Structures are given as structure tokens and as C-alpha cells.
Amino acid sequence: MLVASILFNLSWSGKYWIVWLVLVLICYVSGKALSNQAYSKKHRKILLSLSIAICLSPLLFFKYLVPVHNSMSLVALNWIAPIGISYYTFLIIGYLYDVYRKYIKPESHLGYLMIYLGFFPTLLAGPLERTRQLVPQLKAPKPYEQDNIKGGIYFIVWGLFKKIVLAARLGDLTGPVFDRPESYTSMSVTLAILLFSVQLYCDFSGYCDIATGSARLFGIRLSKNFSNRYYFTPSRTESWTAWNITVTSWFRDYIFFNISKGVTNQKRLEFNRLVTFIITGLWHGPSWSFVIWGALQWVYINIEMRTKQFWQKFYAATGLVRLGMAIGTQAHHVWRVVVRLLTGTLIMGWFRAAELSSGVRLYSSMFGFGSGVTSLLTSSFLLTTALFLVMDFYNYKMGEQEDIASFMLKKSAAYRTVSMLLLVQLVLVFGRPSVANFYYIQF
């Protein structure tokens, strides 16, 4: 497993794999030192801060000092950042913090720490596994189990359908709109932003499914990183906690909880939440559009938290919840989903634009200032919608308590066979592997 992970790293990063190796060695030595009881708390804290600063340096250098064509770049050098550097840097920081807090003991076996920090299914973009979740699995002997092979295949096929079919086709639809928003109608620009949210979900969750399936083939279970029907979550708060779960929880545990330790003042907590969201935005890249995206996430979630009781009374007064238990509940849910999707267009456009000037062009066209006449409602859009409904059918059947593997393994052999044949055929017939670039790999 270690050899496979190193070869995988080399195949993507080339000579930059040395950065990963150096950071792993620093992490190993620092973890040992942090557990040394001979050091005082003050010395351990200084050591933790110094270790994290050193381990953060390559990420800050490659991602924020030398990126090309970003609005906050300090230097424009055409250097490529090592693949996965954001993720293994976060793993190192989490590991060192957990050792410092005595949540875990430092890993004594360098080989296992190297596998954990370079595990090839998760190296590129997660899921961001915690030490206590993954390392014990790496150490435990894994007997051959047929269900692990089946489950891994189900995950991989499901991920390929989402990634190569849906995400690629949605990218074909939305890409031209974001490149030339002034050529499209304001309705088409709004629709493109909505579709981009689904595209990003299919792209990223599809990758995570493939990673999860690859790990499952070896008997290793990875954490769930997305809610199955993320795109139909009824509030900004729920959509945030349903998206890239392992990373958003990392920011919560290691950023927000750290700067909020001992804080009881509500306004200070709200400010700390804003800081966390802005850092989350800047993690995606040194651009003002990501700062705006993070700040808008905070605004909507903060408003929801402050007005939760008001909206509960409002919906009760409108009678939406009293239209009959089943109908009323569904109507209430649909209404909240619609509101969330519409407000989401004011957020996700900034994420996709990536640059301030592009965001201004995009939203100018969305609000009808200088928009064109081209429509997004084409036959390709209708085909993609039909394929989306196939995904949503299975997601609906699974609910939120199951994944594709556990769902399929409960079904009859006939159901599994027909479902897999259908998904494989859809991948072969409608897949676009030549244009299925992984969007999130840039972060």
C-alpha cells in the first residue's frame, strides 16, 4: 500500500513528491516531540505552533505566493503546486493538534504515518480522514470479503456515472455561459449558476465515490463526504453541513473551535464564524471572489440562525404546514428548497467566477444588465436533465442513511445486475471522459 501510494504521488507530482516526503518526516518527528511529557505545556504549545508554521509554508508558497492569474497573487510565477498539498497539509495539522491535545498517541511506525498522509485513493481531494478513523484500519489485517469487492465496484461505477456523465455534460452546458455571460439571457445565466451547483456536486461527490470504492476493494471504509441529495437541502445551514463534510468539519474543529475557546459572547462567536468562512473561501484560492463567497455563506447562515423562530411562526401562520400532514410537510419542504436554490445563485456564481471582474460580468448579465439572447434550454439540457433524474432516483431510494454499496447489497441479485448494467451503459453511451476534468483538483 505504501509503495502504491508513493508511485501514485510520483505519477502526479513528479519531483514535487519530495515536498510531501519532507512534510511527513517533520510531522513524524514533531508528533513524537509533542507527546514528550518532559516538555512543559508552554514548550509544547511553542513546538506545536512552530511545527504547524513550517508545515504550512509550502502550501502558502505554492498556493498564495506564486499562483498565476489570481487577483490576490503576490508574484506571478508559472509553478505548479504539488498535487494534494492542501489535503495532506490539513491532515498533518489535524494530526499534530490531536497529539498535542492528547486525543491520540503519536504514530510510532513511520510507514503507517506515510500511508495515512499519502493514501492514494484520498490523496488528490479527500475525503479528509482523521487519524483515529483511518490508521487503525490500515493496521488491522484485512481478510478477503466478497462484499468489499462488490461494494467497491458499486461505488466506482456510481462515481463514474456522476463524474463522467453528469458533471462533464453539465460542464459543457455551463462553461460557455460563464465564459460569455453577456451572450445569454438573464434567465439562462441564472439557470447556469444553479446547474453549476449540481455540476460541482456530481464532480466532487463522484470523485469521492471512486476514492471510497477504491479503498473498499482493500477492505478500508472511508467517511461519507456528501449527503445523497445535497442539491435538495432546504436551508443554507443544512447545505453547508451536507457539502464536503470532512473538510467543513475540519474547519469547524481546528479553526472555529480554536479561536472560540472560552468565548461566550454571541457577537464574538458570530465574528469568529465569519473569520472561519473567509478562511474557508481563501483556502480555495487567493481571489476576492472567494472572499465574497465565504462572506456570503456566513451572511445567509447567520440570518437563518437569527430568524429561525420567526420563519417557524411565519410558515405556521401561512398554513403551509397545515394543508394536511403529508401534503403540507412536502409543500413546506419544497418551498424551502426553492428559496435556498434561489439564494444560492447569489453565492455560487462568485465561486465559479473565481475572479472579481468575472463575477461582476456574470451578475451583471444575471440581473439583465447587458445580457444577450442565447438560451440554455437546448436538447442537450433536456438529455442532461433526464440523466440527472436517474441519479436522483437512486439517491431518493437510498435516503441519507445509506450509500450506494449498502443499498445495493441489500437488494436482490437481479436488481443489482439490472442497475449496474444500466449505469455502465449510461457511462459508455453518454460519458464524456475526454472533457471530464476534475474541477476541485485546482484547490
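Leaving aside neighbours within four places in sequence, which residues is Thr233 in contact with?

View 1. Thr233 is in contact with Glu238, Ser239, Ala242, Val337 and Arg340, neighbours within four places in sequence left aside; contact means heavy atoms within 4.5 Å. This is a predicted model: local features need pLDDT of at least 70, side-chain atom pairs count only at pLDDT 80 or more, and totals for chains, interfaces and linings use all residues. Residues are numbered from 1 along each chain as its sequence is written, and side-chain values use heavy atoms, with hydrogens and water left out. Thr233 sits in the loop between helix H8 (186–216) and helix H9 (236–242). Helices are DSSP runs (H or I, at least four residues), numbered from the N terminus. Thr233 is buried, at 8% relative accessible area. Buried means under 20%, exposed over 50%, and partly exposed in between (1.4 Å probe, protein chains only). The Thr233 side chain reaches the backbone oxygen of Tyr230 at 2.9 Å.

View 2. Buried residues of H2 include Trp20, Leu23, Cys27 and Leu34. The buried residues pack against helices H1 (2–13), H3 (41–65), H4 (85–100) and H5 (110–118).

View 3. The structure holds 0 disulfides, a disulfide being a pair of cysteine sulfur atoms within 2.5 Å. For Cys55, the nearest cysteine sulfur is that of Cys27, 6.4 Å away. Cys55 is buried at 0% relative accessibility. The sulfur of Cys202 is 12 Å from the closest cysteine sulfur, in Cys208, too far for a bond.

**View 4. Asp203 with Lys163.** The two side chains meet in a salt bridge at 3.0 Å, N to O. Here a salt bridge is a side-chain nitrogen of Lys or Arg within 4 Å of a carboxyl oxygen of Asp or Glu. Asp203 lies in helix H8 and Lys163 in helix H7, 40 residues apart. Asp203 is buried at 3% relative accessibility, and Lys163 is buried at 8%.

View 5. Arg169, in helix H7 (residues 146–179), is buried yet has no salt bridge. The nearest side chain of opposite charge, Asp172, is 6.0 Å away. Asp172 forms a salt bridge with Arg432, at 2.7 Å between the closest N and O atoms. Arg169 touches Arg432, among others.

Technical notes:
Helices (H or I, at least four residues) and strands (E, at least two) are DSSP runs, numbered from the N terminus. A polar contact is a pair of N or O atoms within 3.5 Å; within protein, one must be able to donate a hydrogen and the other to accept it, and residues adjacent in sequence count only if both atoms are side-chain atoms. Lys and Arg count as positive and Asp and Glu as negative; His and the chain ends are not counted.
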